[in-house]
Amino acid sequence: MSYLIDTNVLIAAGWNVHANYAVANAWLGRQAEFATCSSVQCGFLRVSLSPAIGADFAQAQVALDQIISLPAHRLVSDDIAAATLPAVSGHKEVMDAHLVCLARRHGLKMATLDRPLCSKAWAVGVAEFIG
């Protein structure tokens, strides 16, 4: 089974200051194939430039490229309309719901470090905790 990774997995894999750096990289290393989309990649850049990581744009681009240039990586088209998302209970779930729907559309599972997400009714069977 191939996976769409969420932004948190991508960030964890890209920055050794992340608490789940080893977990994310070990998991990626075991995958024959994994996917990202433009939303996840932009999320990686956004968080990388934040004070939490403190990278500049060039550093963030290099870190992202090191992951998406892996032979196991593929880019999936981010083709889910917001109007098709399931009802969510708050603003923090919008992107999660989007990625779950995107993974489902492309016949993928979604890899996440967010355990509670995996029990949401709209995520069950698609979102999998990798931590």
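Leaving aside neighbours within four places in sequence, which residues is Thr-7 in contact with? They are Ser-39, Val-40, Gly-43 and Phe-44. Keep in mind that this is a predicted model.

1. **Thr-7.** Thr-7 belongs to helix α1, which covers residues 7-14. Its relative accessible area is 14%, so Thr-7 is buried, the cut-off being under 20%. Thr-7 also has a place at the largest pocket: it is among the residues that lie nearest the pocket centre.

2. **The largest pocket.** This pocket holds about 280 Å³ of space. Its lining counts 15 residues. Nearest the centre, alongside Thr-7, are Asn-8, Arg-46, Met-95 and Asp-96. By class, the lining splits into six nonpolar, five polar and four charged residues.

3. **Who supplies the lining.** Three helices each give at least two residues to the lining of the largest pocket: α1, α3 (38-48) and α5 (94-105). Of the elements involved, α3 gives the most, with six residues.

4. **Burial of α1.** How many of the eight residues of α1 are buried? Seven are, so α1 is largely enclosed by the rest of the structure. The buried set is Thr-7, Val-9, Leu-10, Ile-11, Ala-12, Ala-13 and Gly-14. These residues pack against both helices and strands: α2, α3 and α4 on the one hand, β1 (3-5), β2 (34-36) and β4 (109-112) on the other. Two of the helix partners, α2 and α4, get their own points below.

5. **α1 against α2.** Helix α2 spans residues 21-29. The axes of α1 and α2 come within 7 Å and cross at roughly 100°. That angle falls in the range 65 to 115, so α1 is roughly perpendicular to α2. On the α1 side, the contact uses Val-9, Ala-12 and Ala-13. On the α2 side, it uses Tyr-21, Ala-24, Asn-25 and Leu-28.

6. **α1 against α4.** Helix α4 runs over residues 57-68. Here the axes come within 9 Å, with a crossing angle of roughly 105°. α1 and α4 are therefore roughly perpendicular to each other. Leu-10, Ala-13 and Gly-14 of α1 meet Ala-63, Leu-64 and Ile-67 of α4. This contact has five nonpolar residues, one polar and no charged. Ala-13 is listed in the contact with α2 and also in the contact with α4.

7. **Thr-112.** This threonine is found in strand β4. Its relative accessible area is 0%, so Thr-112 is buried. Not counting residues up to four places away in sequence, Thr-112 touches Asp-6, Val-9, Leu-117, Cys-118, Glu-128, Phe-129, Ile-130 and Gly-131. One of these, Val-9, is a buried residue of α1.

8. **Asp-79.** Is Asp-79 buried, exposed or partly exposed? At 34% relative accessibility, Asp-79 counts as partly exposed. Asp-79 sits in the loop between β3 (73-75) and α5. Beyond its neighbours within four places in sequence, its contacts are Leu-102, Arg-105 and His-106. Pro-51 is 28 residues away along the chain, and the C-alpha atoms of Asp-79 and Pro-51 are separated by 30 Å.

9. **His-106.** This histidine lies in the loop between α5 and β4. With 25% relative accessibility, His-106 counts as partly exposed. Leaving aside neighbours within four places in sequence, His-106 is in contact with Arg-74, Val-76, Ser-77 and Asp-79. How far apart in space are His-106 and Ser-2, C-alpha to C-alpha? The distance is 9.7 Å, for a pair 104 residues apart in sequence.

10. **Gly-29.** Gly-29 is part of helix α2. Its relative accessible area is 63%, so Gly-29 is exposed, the threshold being over 50%. Gly-29 and Arg-115 are 86 residues apart in sequence, and their C-alpha atoms are 21 Å apart in space.

Key: Residues numbered from 1 in each chain as written. Predicted model: local features only at pLDDT ≥ 70, side-chain atom pairs only at ≥ 80, totals over all residues. Heavy atoms only, no water. Helix = DSSP H or I, 4+ residues; strand = E, 2+ residues; numbered from the N terminus. Buried < 20%, exposed > 50% of the residue type's maximum accessible area, 1.4 Å probe, protein only. Contact = heavy atoms within 4.5 Å. 1 Å grid on protein atoms, 1.4 Å probe; cavity = no way out; pocket = protein on both sides within 12 Å on 5 of 7 lines; lining within 4 Å. Points joined across faces, edges and corners; volume = space filled by probe spheres on them. Nonpolar A, V, L, I, M, F, W, Y, C, P; charged D, E, K, R; others polar. Axes fitted to C-alpha atoms, helices over the stretch in contact; angles between N-to-C directions. Parallel < 35°, antiparallel > 145°, perpendicular 65-115°, else oblique.
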